[in-house]
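The sequence and structure come first.

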Protein chains: 2
Amino acid sequence: MASNQSNVEYLKPFANEDLHFSIISKQNQIEKWFRNQWAKYPPPFYSSIDIRNAGFKIAPVDTNLFPAGFNNLDKELEFLYISAIQHFMERISPEISKILLITEDHTRNKFYESSIESLTSFIRKSGFDIKITKLIDLSSNLKDLSKTNGFLSVDGFIPDIIVLNNDLSGGMPEYLNNIKQQIIPNKNIGWNNRSKTDHCEYYSNVADNFSRLIEIDSWLIEPYFRNCGEIDFQTKQGEDCLIYNAEKLFHIIQKKYDEYEIKEKPYIMIKADSGTYGMGIILINDIDSIKNLNRKQRTKMSKIKGGNKLNKVILQEGIYSYEKFKPTNHVAEPVIYSFGHNLVGGFYRMHDLKNNSENLNSPGMSFHPIPFKEACLSPNLDETIFSETNKFYIYGVIARLAILTASKEIYNTE
Amino acid sequence: MASNQSNVEYLKPFANEDLHFSIISKQNQIEKWFRNQWAKYPPPFYSSIDIRNAGFKIAPVDTNLFPAGFNNLDKELEFLYISAIQHFMERISPEISKILLITEDHTRNKFYESSIESLTSFIRKSGFDIKITKLIDLSSNLKDLSKTNGFLSVDGFIPDIIVLNNDLSGGMPEYLNNIKQQIIPNKNIGWNNRSKTDHCEYYSNVADNFSRLIEIDSWLIEPYFRNCGEIDFQTKQGEDCLIYNAEKLFHIIQKKYDEYEIKEKPYIMIKADSGTYGMGIILINDIDSIKNLNRKQRTKMSKIKGGNKLNKVILQEGIYSYEKFKPTNHVAEPVIYSFGHNLVGGFYRMHDLKNNSENLNSPGMSFHPIPFKEACLSPNLDETIFSETNKFYIYGVIARLAILTASKEIYNTE
């Protein structure tokens, strides 16, 4: 059973409380605004959102539309996942009964296997029949397509809808275009088509709109970013572009830090523009460290998932995590899960070897469930704006901004 | 904060485990079946369902479509209520933003006031604007109807939808028919129009269908009943009918008790056919007690809510409650709440002066929240079929059968 306390608290105080106060005190407007947004931009089937909380600033730093890690969700909250899945499917069509789940090919990864097991169990308990197949195994079933009027049939199982849990990093097989069943999330939103830069541009727009609604500086919920194409870390091709953009980025972050009297030093995350799984990411504290990347770092930045070549990067403002897990004092960052626009909880990702600026999504990380009672839909004005209930409401809002961003991306690919 | 243990356990063992086992082991089919039912029969906005659990038999004994008692729900689960309300309204129309809540007139009842306060808070936190009015105060606003093209406006507030929390025991004001806004739940489902007999007949049909699905005897989830019209307890008019039907009912219950080797004595609840608030209910253990009703009992059975005359009754098989609250050993009966078809928890109703056959809904009752972790959507096959998780899943199924029954009633009035 999950503990009722998250045991995660702010590392240090911060002067600017605008963000917290504005979100906590404007729940009614915020919920109304989201309602209107979802009506225009239907949310993707599921997502997991990595959030970084620097106190004065809270922002999503990664939005995964093909989430894994379902095994890390709190088992006690299973009814939430079931209810959210039922709602999502009901919204598409009450006729849906059979679901095909297309997974990653690397299902010998035991963490991933365990995630798929959990996801499958949630879907089955929601009252659907489910069959699982790796993307790689799917093509052999395609000979049947003509016999079934274009409906994909896998060993006689004709799904009503297809759920992708494969991020299509390896490219989208052409035959997915020929299948008559609906595929969720939209197959055009795989990493073959999508870039972090696109996502950040959409997010920037969403953050602007939302900030206008609650009257805050949008920087408080948005990491600044710039991008560079045609990079080759091995040959140093494109290094000028990288340095130029990093200088610009350090400059505008420093200006904001000055404005808000933040004493920390700005830093930047350089990320593969279509990378996942925490691969292809380095942290730089200054311009020199770009010039002085060592061989190991250059190698790391040359390959991303599936062995694809990394040739575009995004430079993203690093956001310190001011949350620590007690009593170990490990740095913790929240990861929020959703089905549709329903937040269903999540966990803190922690790493005992990482400091408060580093990417925690790396081998050695551990997880601690976000306690249910702090679920993300209802702030409490009787508590301080820093209470867990209120903090998690804020996370829920930030996570939904990221989901809305993905919804807009999908909307525009359709 | 709610305790994680409900502290409610079975009073005694029972031989027949068909009901428990069939429900627990068939979650997938059950969820599928409900999905199809909701697609045909949209659920009412909200409900509270009183359930009695005799171990071998579990059934709803009262289905309230204008529920009070929201103040007794677990505050920690507020996000569930919010999420369910948002879903319900979204399903009607994403355009809904302003809600008028029409309450009972007796708002000086502090329990009722407190319930309305909680309900209002849930709705507001869901992102809706809400205004509250008593039914009795509404007529004064009707002069505006012509000015607003038939849309009800209360002090300049023009709701997008109207929520009834008045059960219309006092009759439905004609003007509700002239208002253009949608009224939920359907105004034709008030006690002015509805009878317990109708509900029980619909329930019987739902229970039959469901029992066929999971292959059980439908008696295991249904109280037998018969009804009598034109009763006057003061003048004894209709007593013959009452005795005749009571004899029949005792007989068929006894036959079932024999079949299942139940050692208890059958009993019958006589209830006003359109009564609420636990009024107009007596318990009889044998035919003689009908003949020998004393003056106090006869008076009690002559009036129901709003001072209306009681002239029709339903005779309903009494269901023993085999659940006791520890450590006091008070008899406990579960009450389950819903918005739409979403179960959102509930509480145990207890009474320290009542035994395991009596109606607990009477002055002196107390409440204990049903613990969240036992929420009603997900059984656990790794636990015994009597575990809390599994018991609450069964309650969730029984409650949904009652909600579905109300949905069918509404469907047929439209």
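## Backbone exceptions

B:Asp155 lies in the loop that runs between helix H5 (135–138) and strand E6 (161–164) of chain B. Helices (H or I, at least four residues) and strands (E, at least two) are DSSP runs, numbered from the N terminus. B:Asp155 is not a glycine, yet its phi is positive, about 50°. Most residues other than glycine have a negative phi, and most peptide bonds are trans.

This is a predicted model, in which local features need pLDDT of at least 70 and side-chain atom pairs count only at pLDDT 80 or more, while totals for chains, interfaces and linings use all residues. Residues are numbered from 1 along each chain as its sequence is written, chains are lettered from A and ligands numbered from 1 in the order in which they are written, and side-chain values use heavy atoms, with hydrogens and water left out.

A cis peptide bond joins A:Ile184 to A:Pro185, with omega about -10°. A:Pro185 sits in the loop between strand E7 (182–184) and helix H6 (196–214) of chain A. In chain B, a cis peptide bond joins B:Ile184 and B:Pro185, with omega about -10°. The loop that holds B:Pro185 is between strand E7 (182–184) and helix H6 (196–214) of chain B.

## How the two chains are arranged

Chain A is superposed on chain B by a rotation of 180° with 0.0 Å of shift along its axis, and the RMSD is 0.0 Å. The two copies are thus related as by a two-fold rotation axis. The superposition is by least squares on the C-alpha atoms of residues with pLDDT of at least 70 in both copies.

Of the interface residues of chain A, 100% are also interface residues in chain B, so the copies meet through the same surface. The contact (heavy atoms within 4.5 Å) takes 37 residues from chain A and 37 residues from chain B. Buried area is the accessible area (1.4 Å probe) that two parts lose on being put together, summed over both. Chain A and chain B bury about 3400 Å² between them, and carbon and sulfur atoms give 53% of it.

The interface of chain A and chain B has 4 salt bridges (a side-chain nitrogen of Lys or Arg within 4 Å of a carboxyl oxygen of Asp or Glu). The count over all chains is 28 salt bridges. Two pairs that join the chains are listed here.

| Residue in chain B | Residue in chain A | N to O distance |
|---|---|---|
| B:Arg91 | A:Glu90 | 2.5 Å |
| B:Asp129 | A:Lys32 | 2.9 Å |

The second pair runs from B:Asp129 in strand E5 (residues 129–134) of chain B to A:Lys32 in helix H2 of chain A.

Between chain A and chain B there are 21 residue pairs in polar contact, both residues being at pLDDT 80 or more. A polar contact is a pair of N or O atoms within 3.5 Å; within protein, one must be able to donate a hydrogen and the other to accept it, and residues adjacent in sequence count only if both atoms are side-chain atoms.

On the side of chain A that touches chain B, the elements giving two or more residues are helix H2 (27–40), helix H3 (78–92) and helix H4 (110–125) of chain A. H3(A) gives the largest share, 9 residues. By class, this side of chain A has 13 nonpolar, 13 polar and 11 charged residues. Ala, Val, Leu, Ile, Met, Phe, Trp, Tyr, Cys and Pro count as nonpolar, Asp, Glu, Lys and Arg as charged, and the others, Gly among them, as polar.

## The two domains of chain A

Chain A is divided into domain 1 (8–68 + 194–413) and domain 2 (71–184), with bounds from an automatic or database domain assignment. The contact takes 24 residues from domain 1 of chain A and 24 residues from domain 2 of chain A. The centres of the two domains of chain A, taken over C-alpha atoms, are 28 Å apart.

About 2200 Å² is buried between domain 1 and domain 2 of chain A, with 66% from carbon and sulfur atoms. In domain 1 of chain A, A:Phe45, A:Phe66 and A:Phe339 lose the most area to domain 2, together 30% of what that side buries. Between these domains of chain A there are 0 salt bridges and 4 residue pairs in polar contact, both residues at pLDDT 80 or more.
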